[in-house]
Amino acid sequence: MYYSVIKKHDIADGPGVRVALFVSGCTHRCEGCFNPETWDFQYGTPFTDAVTDEILEALSPDYIAGLTLLGGEPLEPGNRQALLPLLRAVKEAYPQKNIWCYTGYLFEADLLEKFCAQWEGMEAFLSYLDVIVDGEFIMDRKNISLRFRGSENQRIIDVQESLRQGKTVLWEDGEGR
């Protein structure tokens, strides 16, 4: 897996000050994408154990709320496999910090139904996520007044509560997740 950038003080992609990892590679290719250079799976820098260590170090200050994965597409097959050890390491080192993931895939149809059936690691991957922002960016539904999302079709989902209840539960701002 490659990544384009690590932002160590991101305030746009989830609540609080966050570390944001922008992965490379995306097959959605949404019209109006703010990061089209990350569509290329070879764009940027190879993701290595040293990068995992860099991210863990960046997460260490108390004022950092958590990690956000975006891109590109974190849930492309090669990316999700490479990210699983990172998610595990983050939750082991910082169980109090939350992990957000932006994806163009849909929570129910793609992640829960298709990806869980196709890849044995998907359930573990989901177990580490607190919030998913799902759905492709749709230019005709762009709304710059939305918090933490770019188009009105995208949803902010509380992953752990959704898994507990067996239905999609939207994240409510102010829960600290």
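Reader: Is arginine 29 buried, partly exposed or exposed?

Author: The model discussed here is predicted. In it, arginine 29 lies in the loop that runs between β2 (17-23) and β3 (45-46). Its relative accessible area is 48%, and exposed would require over 50%. Arginine 29 is therefore classed, with cut-offs of 20% and 50%, as partly exposed.

Reader: What is the phi of arginine 29?

Author: Most residues other than glycine have a negative phi. Arginine 29 is not a glycine, yet its phi is positive, at about 55 degrees.

Reader: Is phenylalanine 148 buried or exposed?

Author: Phenylalanine 148 is placed in the loop between β6 and β7, and it has a positive phi of about 65 degrees although it is not a glycine. The cut-off for buried is under 20% relative accessible area. With a relative accessibility of 8%, phenylalanine 148 counts as buried.

Reader: Which residues is histidine 28 in contact with, leaving aside its neighbours within four places in sequence?

Author: Histidine 28 belongs to the loop between β2 and β3 and, at 15% relative accessibility, counts as buried. Sequence neighbours within four places aside, the contacts of histidine 28 are Glu73, Glu76, Gly104, Tyr105 and Glu136.

Reader: Which residues does serine 4 touch, not counting residues up to four places away in sequence?

Author: Serine 4 is part of strand β1 (residues 2-10) and counts as partly exposed at 23% relative accessibility. Not counting residues up to four places away in sequence, serine 4 touches Phe22, Val23, Ser24, Thr38, Tyr43 and Gly44.

Reader: What covers the buried residues of α1?

Author: The buried residues of α1 are Val51, Thr52, Ile55, Leu56 and Ala58. They cover an arc of only 160 degrees around the axis, which puts them on the same side of α1. The face turned away from that side carries the exposed residues Asp49, Ala50 and Glu57. The cover over the buried residues of α1 includes β1, β2, β3, β4 (64-71) and α2.

Reader: At roughly what angle do the axes of α1 and α2 cross?

Author: Two packed helices are described by the angle between their axes and the distance between the axes. The axes of α1 (residues 49-58) and α2 (residues 77-93) come within 10 Å, and they cross at roughly 30 degrees. That makes α1 roughly parallel to α2, because angles under 35 degrees count as such. The crossing is right-handed, and the angle asked for is roughly 30 degrees.

Reader: How many nonpolar, polar and charged residues does the contact of α1 with α2 have?

Author: From α1, Thr52, Ile55 and Leu56 take part, and they meet Leu86, Ala89, Val90 and Ala93 in α2. By class, the contact of α1 with α2 has no charged residues, 1 polar and 6 nonpolar.

Reader: Within what arc do the buried residues of α3 fall, and what covers them?

Author: In α3 (residues 107-118), the buried residues are Phe107, Asp110, Leu111 and Phe115. Viewed down the axis of α3, they line one face of the helix, because they fall within an arc of 100 degrees. On the other side of α3, Glu113 and Ala117 are exposed. The elements covering the buried residues of α3 include α2, α4 (122-128), β6 (131-134), β7 (155-158) and α5 (159-165).

Conventions: Residues numbered from 1 in each chain as written. Predicted model: local features only at pLDDT ≥ 70, side-chain atom pairs only at ≥ 80, totals over all residues. Heavy atoms only, no water. Axes fitted to C-alpha atoms, helices over the stretch in contact; angles between N-to-C directions. Helix = DSSP H or I, 4+ residues; strand = E, 2+ residues; numbered from the N terminus. Parallel < 35°, antiparallel > 145°, perpendicular 65-115°, else oblique. Left-handed = near helix turned anticlockwise from the far one by under 90°. Contact = heavy atoms within 4.5 Å. Nonpolar A, V, L, I, M, F, W, Y, C, P; charged D, E, K, R; others polar. Buried < 20%, exposed > 50% of the residue type's maximum accessible area, 1.4 Å probe, protein only. Arc of directions from axis to C-beta.
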